[in-house]
Amino acid sequence: MSDWSALAPAPGALPLAALAQAFVAALLLQTVLELWLAWRQRRHVLRHRAQVPAAFAQRITLAAHQRAADYTADTVRLGMWEGALSALVLLAWTLGGGLDALNQALLRWMGPGLGQQLALLLAFGAISALLNLPLSLYKTFVIEQRHGFNQMTWALWLADALRAALLGLLLGVPLLAALLWLMQAAGSLWWLWAWALWMGFNLLMLWLYPSWIAPMFNRFEPLADQALEARIRALMQASGFKAQGLFVMDGSRRSAHANAYFTGLGSAKRVVFFDTLLRKLGHGEIEAVLAHELGHFKHRHIAKRLALFALLSALGFAALGWLLQQPAFFTALGVRPQLDAQGGLLPQAHNALALVLFSIVAGVLGGLLQPLWAQLSRRHEFEADAYAARHSSAQHLAAALLKLYEDNAATLTPDPLYARFHYSHPPASERLARLGQQGQA
């Protein structure tokens, strides 16, 4: 086992100090930016709490508007704590030596090998989940409870947690073991095979989720409203969309929030309505919401996002394949690598460490690129709204969205800059204004 001093920079090697400084700078930039944006959002929402925006004054009560403001302020404040603590945890894992200490402890206990590396990934995931647990519980049982959304009991939460943990082990352990084996046995192009495995796994999950995984957590029943079903099937047929069925999910067991979605891949596609949604919207409004979802299908948004995900994943695995050969990648992020007699990395000894470190770095960089993903998502939402306006009713969709904004306590007065960075859907004022124009066209 090598100590830190054994790492002498080789010609062409990554500059150690620059790497560490770049990581800290990126993490600091992301954290400060997120905290500043969250502060702006909370201040902006509370500043406009006293009066309903003029565009909504005839349809939203002051009490509902203030409820949304208070809910937003509470969730944003919690997000600020989450962001700050997350940055501290990442620093503790990396430059603080936490990941290195965990790796060394497992090496002493198990010795080197595939089993030790798999144990490292599982231990890192379990510890990270436990560190996130207090704030997650606070969000569910304090904030959601305070604002009337939480319907989950402690018994149901525990049952969900146990099911999720068991499912994660059943699916995650074979995937991680196969990934580590490919990194060890597939030669210099291991990253290409690993990428293919990763994409295949994600596609398999899209196919399995509706019929096998989701029913482990929720009850799904066929849509019983025959009149509504006839309207929906006519809309689907006109759009050329085929689904395995129309289902109602017991979302009210856990939350008062309402939603509807498409899920699945190929012949396993399903249309799912939360029971809370069906209670709040009329037939025309539900049809318009579904038309919006069909707009995503007709514009091939899911396929485009999958293609982008595949491209970025391929680039990520290729980058990981290169970084895995760089001793400074590990040392700069607080990990002591195992070196051979010539000072090079021992083959196959750092695969799990590389996966963890790369996931940390990719998470930080991904956070800085969040505005690009949000902008793409908002554009897709506008396109889906336009499709719904043409094939259903812009007025019904606007009415449905307004009800959902009110019932879900979504603020009508977000900070514009915060919305540009974080909102995957356009702010209410922009979205409803455009629907109003489309309804008059």
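Student: How much space lies in the second largest pocket?
Tutor: About 970 Å³. A pocket is an open set of points on a 1 Å grid over the protein atoms alone, with protein on both sides within 12 Å along at least five of seven lines, and lining residues have an atom within 4 Å of a point. Volume is the space filled by probe spheres set on the points, with grid points joined across faces, edges and corners.

Student: Which lining residues are closest to the centre of that second largest pocket?
Tutor: Of the 26 lining residues, those are Trp198, Gly316, Phe358, Ser359 and Ala362. H4, H5 (154–185), H6 (190–213), H10 (301–323) and H12 each give two or more residues to the lining of this second largest pocket. Helices (H or I, at least four residues) and strands (E, at least two) are DSSP runs, numbered from the N terminus.

Student: What classes of residue are in the lining of the second largest pocket?
Tutor: There are 20 nonpolar, 6 polar and no charged residues. Nonpolar covers Ala, Val, Leu, Ile, Met, Phe, Trp, Tyr, Cys and Pro, charged covers Asp, Glu, Lys and Arg, and the others, Gly among them, count as polar.

Student: Where do these numbers come from?
Tutor: This is a predicted model, where local features need pLDDT of at least 70 and side-chain atom pairs count only at pLDDT 80 or more, while totals for chains, interfaces and linings use all residues. Residues are numbered from 1 along each chain as its sequence is written, and side-chain values use heavy atoms, with hydrogens and water left out.

Student: Which residues line the largest cavity?
Tutor: Ile60, Ala64, His65, Ala68, Tyr405, Glu406, Ala409, Ala410 and Leu412. H2 gives the largest share of that lining, 3 residues. By class, the lining of the largest cavity has 7 nonpolar, 1 polar and 1 charged.

Student: Switching topic: where is threonine 94, and is it buried or exposed?
Tutor: Threonine 94 sits in the loop between H2 and H3, and it is buried, with a relative accessible area of 0%. Buried means under 20% relative accessible area, exposed over 50%, and partly exposed in between (1.4 Å probe, protein chains only).

Student: What is threonine 94 in contact with, leaving aside neighbours within four places in sequence?
Tutor: Phe23, Leu333, Gly334, Leu357 and Ile360. Contact means heavy atoms within 4.5 Å.

Student: And which residues of H3 are buried?
Tutor: Leu99, Asp100, Leu102, Asn103, Gln104, Leu106 and Leu107. The buried residues of H3 pack against H2 (62–93), H4 (114–146) and H12 (351–368). After H3 comes glycine 111, with a positive phi near 80 degrees.

Student: What about phenylalanine 241, where is its place?
Tutor: In the loop between H7 (226–239) and E2 (246–249). Phenylalanine 241 counts as buried, at 5% relative accessibility. Leaving aside neighbours within four places in sequence, its contacts include Met236, Phe262 and Phe297. The C-alpha atoms of phenylalanine 241 and phenylalanine 297 are separated by 7.8 Å, though the two are 56 residues apart along the chain.

Student: Last one: how many helices and strands does the protein chain have?
Tutor: 16 helices and 4 strands. Of its 441 residues, 45% count as buried.

Conventions: On a 1 Å grid over the protein atoms alone, a cavity is a set of points where a 1.4 Å probe fits but cannot get out, and a pocket is an open set with protein on both sides within 12 Å along at least five of seven lines; lining residues have an atom within 4 Å of a point.
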